[in-house]
Amino acid sequence: VDVKDLRERLGLSREAFGKKLPVSARTVRRWENQEAEPSQMAIQRLTDLETEQQATGPRRREVPP
């Protein structure tokens, strides 16, 4: 799973994305920069998120007016 690609397709900040896993925004950044690898549990959750995203299609990031 390409963590950064998935996070961007979901339209989430690192913090919001991390809350779904749950991990810190720092951990998400480390995964995106290949400074660390997700645990098996996190990989399963990432795979689940990717499957959900594919089923529902891309989301748009909400931008304040």
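Residue E32 touches V3, K4, R7 and R14, not counting residues up to four places away in sequence, where contact means heavy atoms within 4.5 Å. E32 lies in helix α3; helices (H or I, at least four residues) and strands (E, at least two) are DSSP runs, numbered from the N terminus. Because its relative accessibility is 9%, E32 counts as buried; buried means under 20% relative accessible area, exposed over 50%, and partly exposed in between (1.4 Å probe, protein chains only). The model is predicted, with local features requiring pLDDT of at least 70 and side-chain atom pairs pLDDT 80 or more, while totals for chains, interfaces and linings use all residues. Residues are numbered from 1 along each chain as its sequence is written, and side-chain values use heavy atoms, with hydrogens and water left out.

R14, one of the residues touched by E32, belongs to helix α2 (residues 14–19). With a relative accessible area of 29%, R14 is partly exposed. R14 and E32 are 18 residues apart along the chain, and their C-alpha atoms are separated by 9.8 Å. Beyond four places in sequence, R14 touches R7, A25, V28, R29 and E32.

Helix α1 (residues 3–10) packs with helix α3 (residues 25–32) at an angle of about 125°, the axes being 8 Å apart. Axes are lines fitted to C-alpha atoms, for helices over the stretch in contact, and angles run from 0 to 180 degrees between N-to-C directions. The two helices, α1 and α3, are therefore oblique to each other; angles under 35 degrees count as roughly parallel, over 145 as roughly antiparallel, 65 to 115 as roughly perpendicular and the rest as oblique. V3, K4 and R7 of α1 meet V28, W31 and E32 of α3 in this contact. By class, the contact comprises three nonpolar, no polar and three charged residues (Ala, Val, Leu, Ile, Met, Phe, Trp, Tyr, Cys and Pro count as nonpolar, Asp, Glu, Lys and Arg as charged, and the others, Gly among them, as polar).

The largest nonpolar core has eleven residues: V3, L6, L10, L12, F17, L21, V28, W31, A42, L46 and L49. Such a core is a set of buried Ala, Val, Leu, Ile, Met, Phe, Trp, Tyr and Cys residues joined through side-chain atoms within 4.5 Å. Helices α1, α3 and α4 (40–56) each give two or more residues to this core. L21 touches W31, R45, L46 and L49, not counting residues up to four places away in sequence.

The protein has four helices and zero strands. Of its 65 residues, 28% are buried.
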